Amino acid sequence: MNAIDPAVSVDKLTKSYGSFTALTGVTFDIERGETFALLGPNGAGKSTTIEILEGYRDRSGGEARVLGSDPQRGGLAWKARIGIVLQSSGESGNVTVREQLTQFAGYYPNPRSVDEVIAAVGLEDKANTRLKSLSGGQRRRVDVALGVIGRPELLFLDEPTTGFDPEARRHFWELIRSLKREGTTILLTTHYLDEAAQLSDRAAVIAAGTLVAIGPIDTLGSDEARTPIVRWLENGIAREQRASDPGRVVAELVGRLGEPAGLEIVRPSLEDIYLGLVGAYEADLASRASHTPRPPSASSTPSASSTKDQVSA
Ligand SMILES: Nc1ncnc2c1ncn2[C@@H]1O[C@H](COP(=O)(O)OP(=O)(O)OP(=O)(O)O)[C@@H](O)[C@H]1O
Ligand SMILES: [Mg+2]
């Protein structure tokens, strides 16, 4: 792999499960050292994408390169360079936290210290507890610990903090920031948009297997969607105005009304922008579906795309 090659490169990636198309042709790169968030509703295709890149699932079409290799053909040396936290792992059993981590550390050429990793995920008190006796959130912390123990160059995190309490989530953010400082490349999926905004350099939004937006976190969405909103009460009526320079609007209001009641400036969060993007995409899909002419025998035809397949077959 060349020094300037991206850590991950995906080109027109498709995945079908039988007749169902889970990915329609997704294209993106992740630069080395970058933290990249893959966002999208349940069933959008995030785990499918990430598991293809981990070498856990085969793709149906398109190209994928991960640390210079095709993930479908990644050997042991390649696997030792990546860390994986699957969406559901089910790590349990009679071994203790420390034993499990020590065993995994033995698989890697240059692992982290087991005790440091235990501390980084906040499990010092449970180091000698058997996995089967851990709570759900504690078990999830073990998953994260196992993902980082091998000092990976590239870390895949599929909803890593689901089940974490708020303090554990903040702890995890610190861990990710320290991995970033060391130069680790990270691909993260999460439904916590504040987490994505805190941790990632860039994000992609995927809906129904299609990439609908990609870019640095603070450039996602339309200019309008990112524009702050000034809200206030005037004669008891709630008013609002979008303004790229909210200070000017506030100054005008103060000149006209004195200090208006209920005055606030709301800057759209990543969650607001994400919901706007996904909502617009879903509305567009629904409108296209309702405008697709139905063939005479359409009553048993489930979707526009399968109609096309039948016509062209
Ligand atoms: N093994 C499988 N066989 C058939 N369909 C599958 C399989 N795995 C996933 N799918 C389907 O593919 C689509 C994408 O699933 P995927 O798990 O990638 O979604 P996701 O974006 O990770 O969702 P979530 O946020 O719920 O984790 C879903 O509609 C799912 O039902
Ligand atoms: Mg998933």
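This is a predicted model: local features need pLDDT of at least 70, side-chain atom pairs count only at pLDDT 80 or more; totals for chains, interfaces and linings use all residues.
Biologist: Why are strand E10 (residues 229-234) and E11 called a pair?

Modeller: Pairing requires at least two bridges between two strands. E10 and E11 have six bridges, in the antiparallel sense, and therefore count as a pair.

Biologist: How do you know that the buried residues of helix H3 (residues 97-105) are on the same side?

Modeller: The buried residues in question are Val-97, Gln-100 and Leu-101. They cover an arc of only 95° around the axis, and therefore lie on the same side of H3. An α-helix has 3.6 residues a turn, so residues three or four places apart point the same way. The buried residues of H3 pack against helix H4 (114-120) and helix H5 (136-148).

Biologist: Which residues touch the most other members of the largest nonpolar core?

Modeller: That core has 61 residues, and the ones with the most such contacts are Val-117, Ala-145, Phe-156, Leu-187 and Val-205. In soluble globular proteins, nonpolar side chains tend to be buried together.

Biologist: What makes Leu-187 a contact of Phe-156?

Modeller: Two residues are in contact if their C-beta atoms lie within 7 Å. Leu-187 is among the residues that Phe-156 touches, so this pair meets that limit. Other residues touched by Phe-156 include Ile-50, Leu-53, Ile-82 and Val-85, with residues up to four places away in sequence left out of the count.

Biologist: Which residues are around ligand 1?

Modeller: They are Tyr-17, Phe-20, Ala-22, Gly-40, Asn-42, Gly-43, Ala-44, Gly-45, Lys-46, Ser-47, Thr-48 and Gln-87. Strand E2 (20-30) and helix H1 (46-53) each give two or more residues to this shell. The largest share, three residues, comes from H1. By type, the shell divides into four nonpolar, seven polar and one charged.

Biologist: How many helices and strands are in the chain?

Modeller: The chain has eleven helices and twelve strands. Buried residues make up 31% of its 313 residues. Among contacts with a separation of 6 or more, 66% join residues 24 or more positions apart.

Notes
Residues are numbered from 1 along each chain as its sequence is written. Chains are lettered from A and ligands numbered from 1 in the order in which they are written. A residue is near a molecule or strand if its C-beta atom, placed from the backbone, lies within 6 Å of it. Helices (H or I, at least four residues) and strands (E, at least two) are DSSP runs, numbered from the N terminus. Ala, Val, Leu, Ile, Met, Phe, Trp, Tyr, Cys and Pro count as nonpolar, Asp, Glu, Lys and Arg as charged, and the others, Gly among them, as polar. A residue is buried if 20 or more other C-beta atoms lie within 10 Å of its own, exposed if 12 or fewer, and partly exposed in between; C-beta atoms are placed from the backbone. The arc is that of the directions from the helix axis to the C-beta atoms. A nonpolar core is a set of buried Ala, Val, Leu, Ile, Met, Phe, Trp, Tyr and Cys residues joined through C-beta atoms within 7 Å.
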